[in-house]
Amino acid sequence: MNIPFNKPYIGKKELEYIQESLSNTRLSGDGPFTKKCHQWLQEKYSFPKVYLTTSCTHALEMAALLADIGPGDEVIMPSYTFVSTANAFMLRGAKVIFADSQNHHPNLDANQIERHITSKTKAIVPVHYGGVACDMDALNVLAQNHNLWIIEDAAQAIHAYYKGKALGSLGDLSCFSFHDTKNIICGEGGFISINHPGVQKRGEIIREKGTNRAAFYRGEIDKYGWVDIGSSYLPSDVLAAFLLAQLESVEWIQAQRMQLWNNYFNALMPLEEEGRFSLPQIPPHVDHNAHVFYMVLPTGEQRDALMYYLKAKGIQAPFHYLALHQSMYFKNRYIGPSLPNSIKFTDSLIRLPLFVDLSASEQGLIIEEVFNFFK
Ligand SMILES: *Cc1c(COP(=O)(O)O)cnc(C)c1O
């Protein structure tokens, strides 16, 4: 038996749309498929203005530029996240301030943010871990009181909701990923949702190498030129063609994932009741998107033992993030408080295989082996 942790789902329409894209002879960015993806995302999730990007990493870099983050500015984010969340702001010369996760969930603990806020703080970057919403009401109150940007790292959070509103629509700027480990994919890709009306125009320019080329193509100006700093953050229309097919399948993909997630949750509940591990806790008012199914073991040794046991049975069940404040790159720069929850999730969290094509019998075997381990 060999059950991988993830297997990208590819439907039937992806190739059809790619073929159509190739016959359009418009392979560069912002072609007809990109426009369709923009429209689809805006309508489906009520995002005011979205732009496809080459990755979530690049969407985060765009967000740092749009929020005018510069040297000396401080940006608060969880330590328990992917490196891109931090790099986007480090690249602008900002100081990254790592905050702790909640005790019961990897998301930022909103009650512990205030102690990190100084006169230099410019932004808070909540990461919706596993597509489970952060406490956006509390974070938005903090942002209002201290005049801060909220930049959502919604890389994992497509099709997830907070009090009925799509994640990515609650901050000033929001960044999503279509990397092939996510729920909706195009290999490498992402998008930014620009909810702050003051920077929508600038977003279009920064993404097009600092030029007003997009306005030129709309016929608003008679030549285009260099008007701001920027980079090349737009993906090829061929990738957008692939992506459109995925977006159009989102309800079906999500139904499969939710089913698998719920199966795990219900089947493993007896082991949680025995105190073997804790299962994901989903707060009220939150609709998650079944991006990750994880357990948190009482100790790092037990987590590792379960991971190696499953590996020996052919089941890939990996850990997840490594606390960034303790990383090789950052640990000597770190001067903040200890972040015990970030370390707990680093040491003790394990993820189970979860992808559309995981069969019921494979899932049954995984659950059985988890039970066998604890016998
Ligand atoms: C996947 C991920 C990213 C990076 O996304 P890419 O599209 O690969 O650049 C950033 N942040 C988080 C929380 C992620 O899960």
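Q: On a 1 Å grid over the protein atoms alone, a pocket is an open set of points where a 1.4 Å probe fits, with protein on both sides within 12 Å along at least five of seven lines. How much space lies in the largest pocket?
A: The model is predicted, with local features needing pLDDT of at least 70 and side-chain atom pairs pLDDT 80 or more, whereas totals for chains, interfaces and linings use all residues. Residues are numbered from 1 along each chain, and side-chain values use heavy atoms, without hydrogens and water. The lining (residues with an atom within 4 Å of a point) comprises 30 residues, with Phe82, Thr181, Lys182, His320 and Tyr321 closest to the centre of the largest pocket. The space in this pocket, filled by probe spheres set on the points, is about 610 Å³.

Q: Which helix gives the most to the lining of the second largest pocket?
A: The second largest pocket has a volume of about 340 Å³, and Asp30, Lys35, His38, Glu204 and Arg218 are the closest to its centre among 15 lining residues. Two or more residues come from each of helix 2, strand 1, helix 6 (200-207) and helix 7 (213-217); helices (H or I, at least four residues) and strands (E, at least two) are DSSP runs. The most, four residues, come from helix 2.
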